[in-house]
Amino acid sequence: MISYSRSDRSRRNNSKGKQLEKLILAGCTYYQQKGIAAIEKTPEPFGVLKKYNDGTFLGRFYRRAQPDFQGTLSDGRSIIFEAKSTEDDRINQSVLTKAQHDYSELHYQLGAYVGVCVQIKKIYAFIPWEIWRQMKEVYGRKYLTEKEAAVYSVKTPGFIGFLEYQDKESNHLVSVCKEAPTK
């Protein structure tokens, strides 16, 4: 059996997370071109403190991170969501920092479409905030399994279609937002 060091696993998880974000960004581009939404990656709260002649620098994160993506849907609602990836067969509610959770909750209470876009092994899903925030009450624990996340699976035609999910009863794609009206 192959044993991986913690740093190897961290490197793989980081790589998977970056790939997930690239697929989400491709989805953002698709939805913008269709007039369905304008969504952007939230810049990391990072600042350069000092630059050195050899091209290196000293920097630091200057505030707690917000959710990864923010924007506006064509119906006028805001959209806020975090992106998380795991090789495990479950995703823990605790993968969000307190700041990310609180920011998501604030926007949810104000009427935004909020959730967590996840990749659990080969499942891509958008977990609505009303489920994520009440994981303990809904599932009796603070994690979702791959099978449970599959209920919220989204289409992945070369990008992550996080605004469209597969309705398990009708087997049809359902969109959370209509296309922009034609002018």
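A residue counts as buried when its relative accessible area is under 20%. In this predicted model, cysteine 28 has a relative accessibility of 4%, so cysteine 28 is buried. Cysteine 117 is buried as well, because its relative accessible area is 0%.

The structure contains zero disulfides. Cysteine 28 takes part in none, and the nearest cysteine sulfur, that of cysteine 117, lies 9.3 Å away. A disulfide requires two cysteine sulfur atoms within 2.5 Å. The sulfur of cysteine 117 is 9.3 Å from that of cysteine 28, its closest cysteine sulfur, and is therefore too far away for a bond.

| Cysteine | Relative accessible area |
|---|---|
| Cysteine 28 | 4% |
| Cysteine 117 | 0% |

Five strands make up an open sheet with mixed pairing, and their order is 1-4-5-7-8. Strand 1 (37-41) and strand 8 (123-128) are at the edges; each has a single partner strand, so one side of each has no neighbour in the sheet. On average, neighbouring strands of this sheet are turned by 20 degrees against each other, direction ignored.

How do strand 7 and strand 8 pair? Strand 7, residues 113-120, pairs with strand 8 in the antiparallel sense, over six bridges. Glutamine 119 has tyrosine 124, in strand 8, as its bridge partner. Helix 2, residues 98-109, packs on the sheet and touches strand 4 (69-73), strand 5 (78-86) and strand 7. The direction of helix 2 makes about 145 degrees with that of strand 5.

How values were computed:
Residues are numbered from 1 along each chain as its sequence is written. This is a predicted model: local features need pLDDT of at least 70, side-chain atom pairs count only at pLDDT 80 or more; totals for chains, interfaces and linings use all residues. Side-chain values use heavy atoms; hydrogens and water are left out. Two strands pair if DSSP finds at least two bridges between them. Helices (H or I, at least four residues) and strands (E, at least two) are DSSP runs, numbered from the N terminus. Axes are lines fitted to C-alpha atoms, for helices over the stretch in contact, and angles run from 0 to 180 degrees between N-to-C directions. Contact means heavy atoms within 4.5 Å. Buried means under 20% relative accessible area, exposed over 50%, partly exposed in between (1.4 Å probe, protein chains only).
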